[in-house]
Structures are given as structure tokens and as C-alpha cells.
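Student: I would like a close look at one part of this model, the strands and the charged side chains around them. Please take me through it step by step.

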Amino acid sequence: MKTPSLLLAALLSPLLSGCSVTPDNNTAAATPEPAWVQAARASATAVPPKLLAVLSTAIEASGPAQAIDVCKEAAPKMARAASEQSGWQIKRVSLGNRNPKAVPDAWERRALEEFDRSQKAGVEPTKLERWEVVTEDGQAVRRYMRALPTQPLCIQCHGRSDQLGVGVAQRLGQLYPHDRATGYAVGQIRGAMTLRQPAPQ
């Protein structure tokens, strides 16, 4: 018999429209995974480790406050480079965004909200993803999202006020006066990688 959390996860998984991977979801077996999803997943999982490595080096060299400047420059550059290499339009979005450009659209917001509900139901956040072919302005578009859990390294700039690194709050006030990206705990979903590309006609 399923525990209450797993039962809730099973009830939530259909909301991801056959497009999520969870420990208690056999939708993938019922609906074969399109090849383009594998390509999107590979691109989505390639960028975060590279950014974490750059930020780790920056924090060690100059401290967390200066690493905010590095992240501000490096993250968009990495996303652009990955987009050019893969053919996907790649960026990060969050319900608690720091960069004003990271505000999710309606489709992304629904996915992020579903990720949060699934995590609360006991689903491992590293397994949460969503994909779908949608119609936008008469054009079929492939869309893919993968959750980004908060890493221990991120707490110095994204944690509670008493966890922020030296000078971080001041620097955030200077660069992001409307910042909404603090207060996170390790493992909590901080946002997602989001990818899109026109579907072949």
C-alpha cells in the first residue's frame, strides 16, 4: 500500500501531462518518450554544473558578494552559448526570480507550480521535468522544463537572511532592488531550466 505522500505524488503526476519523470509514474512506459525530449534533457542538464563550477571559483577567489556579479554575467552567456550549440532557446526561470528576465510565462508558471506540489508530495526534485508540444501563434513549439533544486553553494546568495554571505544583501540591493530569490533551503526548487524550439513542420 502506498504511503500518503506517494499516493499524492501518483495523483499529481497526470497533471504533468505524461511529460514528467517521477519515482511513482509509469506514464513514460505508456507514452514513448520522443527523441527530442532526450536532446532537450541533455542540454538542460549541461548548463547548471558549469555555472556552479564558475561560481564556486568566484566565491573562493573574491567572496559571495562579488560572485553575484559573476553570476549576473556568466549565466546569460552560458545560456546563449548552449542555445547556439544545441539549437534550443535556453534560459532559467523562477517563481521567485532575481533577474527580471527570469519571470516565467503562463506555461512555465504552471510547470513550476506542479514541480512545487510534487516535491511537497515527496517526489525527488532532481527527477522533475515537463515536456509538451504546444501551439503558439499558429506554430507548433516544443517546450521542455527541468527543475533546479537549491544547492548548498547557492545558500550564500539565495538562503535566509541570516545565511547570506558577507556583503550579499547590500550587493543584491544595488544590482537587484526587486530581488525575490532569497529565503530558499537546500533542496528546495529554486526555478527551472526552460527550453523551446519550433517543431518540424
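Tutor: Met-145 has Thr-194 in β4 as its bridge partner. The model is a predicted one, in which local features need pLDDT of at least 70 and side-chain atom pairs count only at pLDDT 80 or more, while totals for chains, interfaces and linings use all residues. Residues are numbered from 1 along each chain as its sequence is written, and side-chain values use heavy atoms, with hydrogens and water left out.

β3 and β4 run antiparallel and are joined by nine bridges; strands count as paired if DSSP finds at least two bridges between them. Thr-194 of β4 also stands opposite Lys-91. That contact belongs to the antiparallel pairing of β1 and β4, which extends over five bridges. Eight of the ten residues of β4 are buried, so the strand is mostly covered (buried is under 20% relative accessible area, exposed is over 50%, and partly exposed is in between, with a 1.4 Å probe and protein chains only).

The order from the N terminus is α-α-α-α-β-α-β-β-α-α-β. Of the 201 residues in the chain, 43% are buried.

Next come the charged side chains. Side chains of opposite charge can pair when their charged atoms come close. The structure holds 13 salt bridges (a side-chain nitrogen of Lys or Arg within 4 Å of a carboxyl oxygen of Asp or Glu). In one of them, Asp-105 meets Arg-143 at 2.9 Å, N to O. Arg-143 is buried because its relative accessible area is 2%, whereas Asp-105, at 30%, is partly exposed.

Asp-105 also forms a salt bridge with Arg-196, at 4.0 Å, N to O. Here the partners are 91 residues apart, with Arg-196 in strand β4 (residues 189-198). Arg-196 counts as partly exposed because its relative accessibility is 24%. A further salt bridge joins Arg-196 to Glu-136, at 2.1 Å, N to O. This pair spans 60 residues, from strand β2 (residues 129-136) to β4. Glu-136 is partly exposed, since its relative accessibility is 22%. Through shared partners, salt bridges join Asp-105, Glu-108, Glu-136, Arg-143 and Arg-196 into one network.

Elsewhere on the surface, Lys-72, Lys-77, Arg-80 and Lys-101 gather in a patch of positive charge (patch residues have over 30% relative accessible area and no salt bridge; like charges are joined within 9 Å, nonpolar side chains within 5 Å). Lys-72 lies in helix α4, residues 64-86. With 35% relative accessibility, Lys-72 counts as partly exposed.

Methods:
Areas by Shrake-Rupley, 256 points an atom, 1.4 Å probe, with all protein chains shown as cover. Lys, Arg positive; Asp, Glu negative; His and termini not counted. Charge placed at Lys NZ, Arg CZ, Asp CG, Glu CD. Helix = DSSP H or I, 4+ residues; strand = E, 2+ residues; numbered from the N terminus.
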